[in-house]
Structures are given as structure tokens and as C-alpha cells.
Amino acid sequence: MGFLSHLFYPWGLILQGLAIVHFIRRRPDTFWIYVILFLGPIGATIYLFAEALPDIGLLRHSFKGFSRRKRIAQLEAAIHDNPSPGNYEELGDLYMDEGKLQPARAAFDHAIAARANTLDPFYQRGVCAILLGDAAAALPDLDRTVAEDFDHDFYRAAGLLAHAYAQTGEKERAEALFRRVTAVSTSSETYLNFASLLASEGRNAEAREWAQKVLNKKPNMLAYQRRRERPWFRSANAMLKRLSA
């Protein structure tokens, strides 16, 4: 291995450096850091092909981001002349894609005030509110959404409504809805929000079970699904550590 490292110097060090930077940013399974460090350039190459190469597809999202920001600028200008519900709703969706929750929430406010007659702006405004920590404001919009369409957004609306109930002290109502949603959905977000509710009531064993359910999905997932779910896996691991402590 030392001979190979010497043979490929300095390219081997560059490969290891790239692999370590990617590992720190993407935080895949921990065993990869040992592959990178102890197998040298060969381990770094294996890692880059297995973990970094699939992420090249993320470049498409960067290009989409440029076009999205261009469209946002166009809509912001167009709204001065045509403040239609459709323009505000599209603007809100784009802001959400950019992670700008406060402007998105304001855009959905305008869409609804301009007599938007579709369910989605109410739902999206509710999502913005709960992600911003304003569960009380999220309740009416999520309640309306679930009442009209229980499986809206693949049951995410119902899962977030249950979370909003929990955050506003309606824990019995929250648990009943969580159990109804988890009977038909395997959403990691919903599982972890339910675990948080159970933990807040001191029901740590049950909370651990629901957090573990998130990790139990991992072996049967395709590689791209595991990459997409990494933030939830990290949250589940962190919750299990807290509950064990």
C-alpha cells in the first residue's frame, strides 16, 4: 500500500483530500472514513465512485436553482402589474424550493387574500408556518387541508397536522392522528415527530421504537433513497442517543 501511495504521489493525496471533504459535507456511513484513511488512494477512489459520483446528479439542481431564481425575479416584477393568486402561489412555491420560508409564507398569504380557490396554498402556508415554529398558525391551514383531502401530499399534510396538535398541547388528539397516519405512511418525518411526542410524555421505550423504525428502513433502500434520507437517519440516531442517555 505504501508503494502504491508513493507511486501515485501527489495524486493519491489529492484523491484522499477530495474524498474527506465530500465525506464531511455529505456525512455518509461512518465506515467510509476508515476506507479512505486506511486504504489510501485505493480507498479514496472506491469511496468517490460509490458515494461522490452519484452526487454529480446534484449539479442539475444547481442549474435548476439558477432558472428558479430567474423566474422568481420575473414573478416579483410581474406581480406589480398582475397580482393574481396564480402568480403569488407560484412565487410561494419557488421561495419554498429556495428555502425562503418567510417570503413564501407571505406569498401564500397574498394568494389566499386574492381569493385563491385551490387547496394547495393553504397547505403550503401551513407547512411554512410549522417549519418556522409557528404551530398555532399552521393548525387552521393543515386542518382544512386534511379535512378536504386526508392523503394530501402522500399523507404529509396529516402527519404535520398531528405534529401541530402535539406542539400546541393537544397530545391525545395528536397521538390518535399519528397512529392513523403511520398505519398508511412510512414517512421518516412523521415517525420522528411521533417519537418526539412520545418522548415528551416520558414514554421513552415507545419513542425509541419509532426512531428505530426510521433506521430499519435503511437496509432495503436503494442508494439514492439512502442519500435522500440521510438527514432523517442522523436525526433518528441523535434521538436514540438522547433517549438512551
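The legends below describe close-up views of a predicted model.

View 1. Phe31, Tyr34, Leu37 and Phe38 make a nonpolar surface patch of about 470 Å². Of these residues, phenylalanine 31 lies in helix α3, which covers residues 31–38, and is partly exposed, with a relative accessible area of 44%.

View 2. The structure holds 15 salt bridges, and one of them joins the side chains of arginine 71 and glutamate 90, at 2.9 Å from N to O. Arginine 71 belongs to helix α5 (residues 59–81) and glutamate 90 to helix α6 (residues 85–97), so that the pair links distant parts of the chain, 19 residues apart. Arginine 71 counts as partly exposed at 30% relative accessibility, and glutamate 90 likewise counts as partly exposed at 30%.

View 3. The side chains of arginine 156 and glutamate 189 meet in a salt bridge of 2.8 Å, N to O. The two residues are 33 apart, with arginine 156 in helix α10 (residues 156–167) and glutamate 189 in helix α12 (residues 188–200). Arginine 156 is partly exposed, with a relative accessible area of 26%, whereas glutamate 189, at 11% relative accessibility, counts as buried.

**View 4. A buried salt bridge between a helix and a loop.** Glutamate 229 and lysine 217 form a salt bridge whose closest N and O atoms are 3.8 Å apart, and both residues are buried. Because glutamate 229 lies in helix α14 (residues 223–244) and lysine 217 in the loop between α13 (204–216) and α14, the pair ties together parts that are 12 residues apart in sequence.

Note on methods:
Residues are numbered from 1 along each chain as its sequence is written. This is a predicted model: local features need pLDDT of at least 70, side-chain atom pairs count only at pLDDT 80 or more; totals for chains, interfaces and linings use all residues. Side-chain values use heavy atoms; hydrogens and water are left out. Patches are made of residues with over 30% relative accessible area and no salt bridge: like charges are joined within 9 Å, nonpolar side chains (Val, Leu, Ile, Met, Phe, Trp, Tyr) within 5 Å. Accessible areas come from the Shrake-Rupley method with a 1.4 Å probe; for residues, only the protein chains shown count as cover. A salt bridge is a side-chain nitrogen of Lys or Arg within 4 Å of a carboxyl oxygen of Asp or Glu. Helices (H or I, at least four residues) and strands (E, at least two) are DSSP runs, numbered from the N terminus. Buried means under 20% relative accessible area, exposed over 50%, partly exposed in between (1.4 Å probe, protein chains only).
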